[in-house]
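Here is a short report for a reader new to this structure. Take a look at the sequence and the model first.

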Amino acid sequence: MSSVSFKGTREGLSITLGDGGWRAMMSELTAQLGRPGAQSFFRGARVLLETSGRTVAVTQIEELIALLAQHDMTLVSVMGEPHAQANFNQLRATIPPPELLEEEPPAPRVDDSQPLVIRRTIRSGQVVRHAGTVIVLGDINPGAEVIANGDVIVWGKLRGVVHAGAAGDLRATVGALLLMPTQLRIADHIARAPDDKRVLRWPAEIARVRDGRIIVEPWGTS
Amino acid sequence: MPGQVLTITSGKGGVGKTTTTANLGVALARRGKRVVCLDADIGLRNLDVVMGLENRIVFDLVDVIEGHAKLRQALIKDKRLPELHLLPAAQKRDKTAVTNEQMIKLCVDLRNEFDFILIDSPAGIEGGFKYSVAPADRVLVVVTPEVSSVRDADRVIGLVESQEKPSPQLIINRLRPAMVKRGEMLDTADVLEILAIELIGIVPEDETIITSTNKGQPVALEDRSSAGAAFLRIAQRLMGEQVPFQVFHDSPGLLERLARFWKSQ
């Protein structure tokens, strides 16, 4: 009977631990991943570990990460037991996310999803998440949040929080007829509104990352 | 024609939901409409106090819903206006005593008896808010010209819109024209710019509200107070009449001018 099971999910590959010993499971995992054909099948996969209620020590997680790395796979999340999750989070905090280790910024994940068009005002407490570009024909009010892997374009007033390029795309931009966000995030950069009350500027503005920080300029100047 | 269910809500507490409900009830009843004010704030009932009917309560909303009393037994007739009624909240229970479906069913019965059913929603966005909005045909959001109140109103409007209700209408309460003029308070345009819903009334800050609330004598019973007059205009708008919006004068009254005169001497 197999003590480790694999399942493909939307987020990536899910590996579920069975009830065998850790050593037995690791050797089975090694065997599974080393099978002919498995190499190309699993390459580049993002892995979610489901521990099925058992705890997993930091050293064991490290061992798993190393094993997965041999097959170009990344452990992105641990679920199923609070201590194991905590251990993983602790481990992840000490190593930068894999995409930051590379010299060149990685090719941004190709955004093949359709833009999401929202024809209303997004109000406080409402959150919009989308894998592509988000276009809002209305306002984004304070207390509202839009998180997009692509650009965010607001044909209206942006006063809430926007995260463009949320999956790491540094080329993502945020544009609005009135750009007065509470906070603006592009990829892993964060900017917030100046504390002094900003005078309404016109015309429309666009925010993008330049030289490692978020800059805001009138739309259409570059 | 079956009656309309109007829910008065705000998100934030203390902005004047109960006062608004009581006064709109009075104002509509004064225009000859059959009105019931329903206190949905189970466990923290206030509407009866503001309407001055506390000592007449025998049965309450939860008694009716649980079948311990008939609707007719629980409804309290106002002592001044024969068209006005109150369905009080239970004080010894909490918000879990009522479900959305029960409120919807109760309102089906009330629609046959009344032209307007005004539901005074509890503060917050939890169960009490939800069962208050569930039966509503229209939702009135009360906001004071403060950033925190506007923020909560925005949240509530979003929640109402997500339940496929028509967009709520806005009552701006406790506006102080003098402070707006000095730039110390959000003005009507500031509030509307964020919330972007239809305005149905502006009620100026009025000290007589405090005394009238304490006495259980809603200001809309009289025409003298500025807030009372504002509630009467909102009632007319609710009945479909076109009433122009009042521009509130912040010119000092005679007494204030005299006082300034003395001070300057």
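Asp211(A) counts as exposed, because its relative accessibility is 79%, and exposed means over 50%. This is a predicted model. Asp211(A) belongs to the loop between strand 14 (205–210) and strand 15 (213–218) of chain A. Its backbone deserves a look. Most residues other than glycine have a negative phi. Asp211(A) is not a glycine, yet its phi is positive, at about 50 degrees.

## A positive phi in chain B

Arg174(B) also calls for attention. Its phi is positive, at about 60 degrees, although Arg174(B) is not a glycine. Arg174(B) sits in strand 7 of chain B, which covers residues 169–175. Is Arg174(B) buried, exposed or partly exposed? With a relative accessibility of 37%, Arg174(B) counts as partly exposed. The reason is that this value falls between the 20% limit for buried and the 50% limit for exposed.

## Chain A as a whole

Chain A contains 15 strands and five helices. The chain has 222 residues, and buried residues make up 41% of them.

## Two packed helices in chain B

Two packed helices are described by the angle between their axes and the distance between the axes. In chain B, helix 7 (residues 147–162) packs with helix 9 (residues 188–195). The angle is about 35 degrees, and the axes are 10 Å apart. The crossing of helix 7 and helix 9 of chain B is right-handed.

Which residues of helix 7 of chain B meet helix 9 of chain B? They are Val150(B), Ala153(B), Asp154(B) and Ile157(B). On the helix 9 side, they meet Val191(B), Ile194(B) and Leu195(B).

Thr188(B) is also placed in helix 9 of chain B. Thr188(B) counts as buried because its relative accessibility is 19%, and buried means under 20%. Not counting residues up to four places away in sequence, Thr188(B) touches Ile172(B), Leu175(B), Leu199(B) and Ile202(B).

Leu106(B) is part of helix 5 of chain B, residues 100–113. It is buried, at 6% relative accessible area. Leaving aside neighbours within four places in sequence, Leu106(B) is in contact with Leu38(B), Leu61(B), Val64(B), Leu71(B) and Leu87(B). Val64(B) is 42 residues from Leu106(B) along the chain, and their C-alpha atoms are separated by 8.5 Å.

Helix 11 of chain B spans residues 226–238 and holds Phe231(B). Phe231(B) counts as buried, with 1% relative accessibility. Leu28(B) lies 203 residues from Phe231(B) along the chain, with 9.2 Å between the C-alpha atoms.

## Aromatic rings

How many aromatic pairs does the structure hold over all chains? The count is zero. Arg237(B) lies over the face of Phe245(B), at 4.0 Å from the ring centre.

Methods
Residues are numbered from 1 along each chain as its sequence is written. Chains are lettered from A and ligands numbered from 1 in the order in which they are written. This is a predicted model: local features need pLDDT of at least 70, side-chain atom pairs count only at pLDDT 80 or more; totals for chains, interfaces and linings use all residues. Side-chain values use heavy atoms; hydrogens and water are left out. Rings of Phe, Tyr and Trp (its six-membered ring) pair if their centres lie within 6.5 Å; planes under 30 degrees apart count as stacked, over 60 as edge-to-face and the rest as tilted. A charge sits over a ring if NZ of Lys or CZ of Arg is within 6 Å of the ring centre and within 35 degrees of the ring normal. Helices (H or I, at least four residues) and strands (E, at least two) are DSSP runs, numbered from the N terminus. Buried means under 20% relative accessible area, exposed over 50%, partly exposed in between (1.4 Å probe, protein chains only). Axes are lines fitted to C-alpha atoms, for helices over the stretch in contact, and angles run from 0 to 180 degrees between N-to-C directions. A crossing is left-handed if the near helix is turned anticlockwise from the far one by less than a right angle, and right-handed if clockwise. Contact means heavy atoms within 4.5 Å.
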